[in-house]
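Biologist: Please show me the model. I would like to talk through its charged pairs.

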Amino acid sequence: MKYFEYRSDQNTLQEKQIEKDLPYENSGLTVPERVEDLLQRMSLHEKIGQMTQLDITVINTTGEQKDVALDPEKAREMIRKHHIGSFLNGEAVPPRTWYEYMNELTRIAVEETRLGIPIIYGIDHIHGASYLEGATIFPQNNNIAASFSTKHAYNAGLVTALESADLGHHWIFAPILDLGVNPLWARLWETYGEDPVLAGVMGASFVLGLQNNDDGTTSRQAATGKHFLGYSDPRSGWDRTPAQLSMQHIHEFHRPAFQKAVDAGLKTIMVNSGEINGVPVLASHEILTKLLREEMGFDGVVITDWDDIGKLVNFHYTAKNFKEATFDAVMAGIDMSMTPLHLKFNSSLLELVEEGRITEERIDASVRRILKLKFELGLFEHPYPRDDRFNRIGNEDNRNKALEAARESIVLLKNDHNILPVKKASRIGVLGPSANSKKNLNGGWTIAWQGGRESQYPDGMHTVCSALAEEFPEAEVVLFEPADIPRHGEATASTRKAFIDRLNNLDVLIYAGGEEPYCEFAGNISDLRLPREQVDDLELISRSRSPIVLVLVQGRPRLINDVMDDSAAIIHAGLPGFEGARAIAEVISGRVNPSGRMPVSYPMKPNHFLPYNHKRSNLYFFDPAVANQLVQGNVTTSRFPFGYGLSYTTFEYADLKLSAQSMDAKGSISASVRVTNTGMVEGTEPVLWYTSTHVGRITRPVKELKHFERVLLKPGESATCKFVIDPGQLAYPDENGNLILETGAYSVMAGDRKQEFEVTGA
Ligand code: BGC
């Protein structure tokens, strides 16, 4: 093989030859054999370079994220001289632009270095290939969770792979496996909701869809479970602020989703940037090595989050300089540093090894895992991107998958007097900040980090307003831009009255409000209430005679107490993606019967947020009647509890039966329930099975989701749904992660049905 050696002293390239068909180049050998062969050929510098990930801005022409244009000289300097093995990021550009960039970047790594180790490229395609122009964009994860259908999580992974693997996007920084337990948290919409079972099966499905796409000559993609772990539960609700979590709580609530994904073959993990109990997770050997590697059995690559080694110095203040921070993170268990804008990690790590503080064996352990990942993805066989299948990007089949996911993710929260579906409207008013917006339907990590500019969204993408116009071709759809609403203090009383008179001539008012896109700390808020201007708008338009349908396009459940009564119907649309407006319009027209269910508890009060699976003692009332309800698990702090969602039909649950009244630790009990569509239209009911442990040595949640399934029923039709309860589902971990199975009474619930059973002699 020919390669060019870089002579830094002369700043020249010298052509060299190396033996062909070295063992590591031979795909007939096993991955461990190839890894060992390559590793023993590598210098310490080369090894440390493999442990480093740098940002696109270090190697592109302008130093701006949006420019996916390689500066080959900068790239050469990083790859040849500093042996960097990984890069990340960029923004949405056409496939040809990505292809050319990745082609050249790959060429430098493969053909101009001594060992020809391909680079691995990381990117935040978190709901479809969201940094690729023309790609299919799925709903964000919180919507996917609302569908209670793992098919959509799988499809989101699969379509991401189909549309971006060819371009050399090898490493996808998804799925987020953090639990969505704090409604203030600016990344709630990125989560699969507040329940560990739901988040786990959704996350694992995404991993399978993304990683198992094996279509011949393209290299495969690796998923990233992030952000390990406890990131989503900061006390203040603000991004990256401290969490206080016991190890028991971590094992019971935060570990399962990651464990499920690890068990499904997850290849990489990204570390939580925050601290737990005073220790930044990046510096926690207990979490990154003892828990993740030894107890959870993860043997893939662990990467830091963005500049997190630096944050040990200038954010957490646990290390006095970058070198000490590097020592802490490497000794805690990371394999790769998303450094990502400088080379301090490389120089620090080199010094630490040369000083003997970190052994070369420790470096080898990480490099082995990184090389193994590169071999497993097929990068040595197929390092180059390909440009002959761009027609797959955003094709009809893929977009239909995203549309189906969006349709099933919409949650109907309120529907007074069956105002929805809107059947015969001839004049529809459309108002609110999301009425004519594409970006609001997507949230962050779409096109660009904070959601891109409105003009960057595809021409063919619908807004709520244009989708309604298409869905109601006979009707006159009247759009009121936010500036058209005569606000109190800005407009005269007569202008406001004239406005109301105009609204009175409309049959229904669709107010699309909620939130603008945001990401990470940029989305920190101190007040969960719906923004004041929207409350004022709704108060004003509620003075008209026309009924209001409030459509909440939002990343987190903004409190709606102030507008509940103004709106006849309320739809939680979440962030439904590029196909989302059409899905919303179809729900409004009734073409789609809503079947989404809240994946997080929708809070009622500004100061009291609890997930549905809180402890009994979380609610403490003096009134004995309330206390009794509380014991039954019937009192919540939610406006709409987890699992809540209306349909245009009704469902009745009956005959919850158990195959036995008791089981021992080795047994199981089959539960079945009959679900009937008792309404007038076809509809889908997500059937959610819960259990509750009556007495536990460690206080138990009031109830816990164990299983779910969607059933599609015609009017009058019934289905019998089954769930096998086994002791493994009932056991819970102690602070060491050891499982406890309580003997005694349990309940199992589906819909409004409930049965008790016993676990004996465990
Ligand atoms: C985020 C990660 C993301 C990374 C790379 C970080 O700031 O926390 O979720 O994958 O940036 O863009």
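Biologist: Is Glu295 buried, partly exposed or exposed?

Modeller: First, the ground rules: this is a predicted model, where local features need pLDDT of at least 70, side-chain atom pairs count only at pLDDT 80 or more, and totals for chains, interfaces and linings use all residues. Residues are numbered from 1 along each chain as its sequence is written, and side-chain values use heavy atoms, with hydrogens and water left out. Buried means under 20% relative accessible area, exposed over 50%, and partly exposed in between (1.4 Å probe, protein chains only). Glu295 has 31% relative accessibility, so Glu295 is partly exposed.

Biologist: Which side chain meets Glu295 in a salt bridge?

Modeller: A salt bridge is a side-chain nitrogen of Lys or Arg within 4 Å of a carboxyl oxygen of Asp or Glu. Here the N to O distance is 3.8 Å, and the partner of Glu295 is Arg255.

Biologist: How many residues apart in sequence are Glu586 and Arg407?

Modeller: These two form a salt bridge, with the closest N and O atoms 2.6 Å apart. Helices are DSSP runs (H or I, at least four residues), numbered from the N terminus. Glu586 lies in helix α18 (residues 580-589) and Arg407 in helix α14 (residues 396-409), so the pair ties together parts separated by 179 residues.

Biologist: How many salt bridges does the structure hold?

Modeller: One of them joins Arg543 and Glu539 at 3.1 Å, N to O. The structure's total is 60.

Note on methods
Helices (H or I, at least four residues) and strands (E, at least two) are DSSP runs, numbered from the N terminus.
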